[in-house]
Amino acid sequence: MTQTDVGIETLDEFRARARTWIRANLAPADPAAHIGVLRKETSDDDELAAVDHNRALQRAMFDAGLAGVSIPREYGGQGLTPAHQRVLNDELAGFEYPARLQAPTFVPCAAVLLDFGTEEQKKQHIPAILRGEELWMQMLSEPSGGSDVAGAVTTAVRDGDDWILNGSKIWTTGAWWSDWALCLARTNWDVPKHRGLTVFMVPLKAEGIEVHRIEMLSGSREFCQEFMTDVRIPDSYRIGEVDAGWNVGTRWMFHERMLLRSPYATVPAGNSRGGSRTEEVLDVARDAGRLDDPLARDLIGETETLELVKNALQQRVGQAMTTGAMNDQAASILRLMHGDVATRITTIIYEMTGAGGAAWDDDDGAVVERGTDFLMRQSFTIAGGTTEMARNTISERVLGMPRERSHDPNVAFRDVPRGAPAGG
Ligand SMILES: Cc1cc2nc3c(=O)[nH]c(=O)nc-3n(C[C@H](O)[C@H](O)[C@H](O)COP(=O)(O)OP(=O)(O)OC[C@H]3O[C@@H](n4cnc5c(N)ncnc54)[C@H](O)[C@@H]3O)c2cc1C
């Protein structure tokens, strides 16, 4: 049953429908598919095939009435509730799902479009996202600094009905296989930095955009840097008012911090593997031959404790934000906890492997590549805004402590001293 005239599908009805479809149509999750931190991809062709498979999965879920569960029906969603989305996530545990579409396509990009897009923008893009036709990326960070988001120097200049964009964005995950991006650009240099920004939708294949790939320590080439030279886009691609991009940006970052708790993300309950990371630690302990080792058992216990506390905190803070008992900035608490826990568990797993994690053979099972994950573990505290910035937000916006000193709050942005951009 889908929605009826008399009311929406009950949670039980929805669960039964989702369970039946998932079991009939989705393959079991590949335990190795979504674990690991920016591990080296096999080949570009394999990655593109995986992206296409994700698009097809998304399309199949759309056709089955399981895409955009809590997105309004006028934009192609199911018009159900966040509780229905959680039911779907529960039922997906242990099955494949369109992982590459969740972040950042649904969260934060689709969420920002829903909050700030015009009717025309929402009707054009949200259904296309739900059908797996559009993958979106976020162009926030710049070579001259990612934490100081409001310090963006990528510039958009009005030209009749168009805007001309020039500048560079960096660390854009997956831009080389994506279709669209949300881009924060400076539209006014004569006002303080937070007041001269505007957000635009940018087609990544537009003339004037060069996407360069960055090779990381792990060998992964998923990160990109984009160079924009006289990229012309129509004013209809603007999101929100001119120079009011900071309003959009703060909400954008809120959605980004919510990520796995977002009512728009379809992610198997527990984590992308469909269970808590304790299972992953147990797999490694088994394959490293350490299941009976008391030290290893302590590490397994620590993992389970971290997972329990993280989940309870997510539940509690999420609930408090929903009822208004805590403001949206409390999402920084979840971001901080996620970063610290993910980093620690990745370290625990490496400790569990002993020497095998540093030098493995292909037939070492769950131990394979754990050394690479260890090298990349710190990215959990950087991606989506650093944990240091989360701490600042918690102290200032949640606990009401004094604001960090700033040298440029009332100065026209063009007069603020800036260092030479790095990495560009
Ligand atoms: C896996 C991954 C995926 C990413 N994906 C994307 C993406 O898709 N799109 C995108 O736009 N960006 C992306 N990023 C970039 C990410 O958002 C930035 O790296 C991050 O915001 C930090 O910016 P930065 O690297 O310029 O560090 P900086 O801002 O130069 O900071 C350097 C260090 O100083 C600290 N610091 C800076 N200012 C303060 C302050 N005021 N108080 C306390 N400490 C401070 C920071 O916390 C950090 O430790 C990604 C990063 C990673 C690791």
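Glu302 counts as partly exposed because its relative accessibility is 28%. Partly exposed sits between buried, under 20% relative accessible area, and exposed, over 50% (1.4 Å probe, protein chains only). This is a predicted model, in which local features need pLDDT of at least 70, side-chain atom pairs count only at pLDDT 80 or more, and totals for chains, interfaces and linings use all residues. Residues are numbered from 1 along each chain as its sequence is written, and side-chain values use heavy atoms, with hydrogens and water left out.

**Salt bridges**

Glu302 pairs with Arg344 in a salt bridge. The term means a side-chain nitrogen of Lys or Arg within 4 Å of a carboxyl oxygen of Asp or Glu. This pair links distant parts of the chain: Glu302 is in helix H8 and Arg344 in helix H9 (residues 331-353), 42 residues apart. Helices (H or I, at least four residues) and strands (E, at least two) are DSSP runs, numbered from the N terminus. Arg344 is partly exposed, at 25% relative accessibility. Arg344 also forms a salt bridge with Glu351. Glu351 is partly exposed too, with a relative accessible area of 37%.

The structure holds 31 salt bridges. Three of them are set out here.

| Pair | Closest N and O atoms |
|---|---|
| Arg344 and Glu302 | 2.7 Å |
| Glu351 and Arg344 | 3.6 Å |
| Arg158 and Asp235 | 3.5 Å |

What does the bridge between Arg158 and Asp235 tie together? Arg158 lies in strand S2 (residues 155-159), and Asp235 in the loop between strand S7 (224-234) and strand S8 (238-239), so the pair ties together parts 77 residues apart in sequence. Arg158 is partly exposed at 39% relative accessibility. Asp235 is buried at 19%.

**A lysine without a bridge**

Lys310 is in helix H8 (residues 294-323). Lys310 is buried yet has no salt bridge. The nearest side chain of opposite charge, Glu307, is 4.4 Å away. Here Lys and Arg count as positive and Asp and Glu as negative; His and the chain ends are not counted. Beyond its neighbours within four places in sequence, Lys310 is in contact (heavy atoms within 4.5 Å) with Met337, His338 and Val341.

**The ligand**

How many residues surround the ligand? There are 21, and the closest are Ser141, Gly146, Ser147, Trp171 and Thr386. To be near, a residue needs a heavy atom within 4 Å. Helix H11 (residues 387-398) gives the largest share of this shell, 3 residues. A polar side-chain atom of Ser147 lies 2.7 Å from a ligand oxygen atom. A polar side-chain atom of Glu404 lies 2.8 Å from a ligand nitrogen atom.

Note on methods: Polar contact = N/O pair within 3.5 Å; in protein donor to acceptor, adjacent residues only side chain to side chain.
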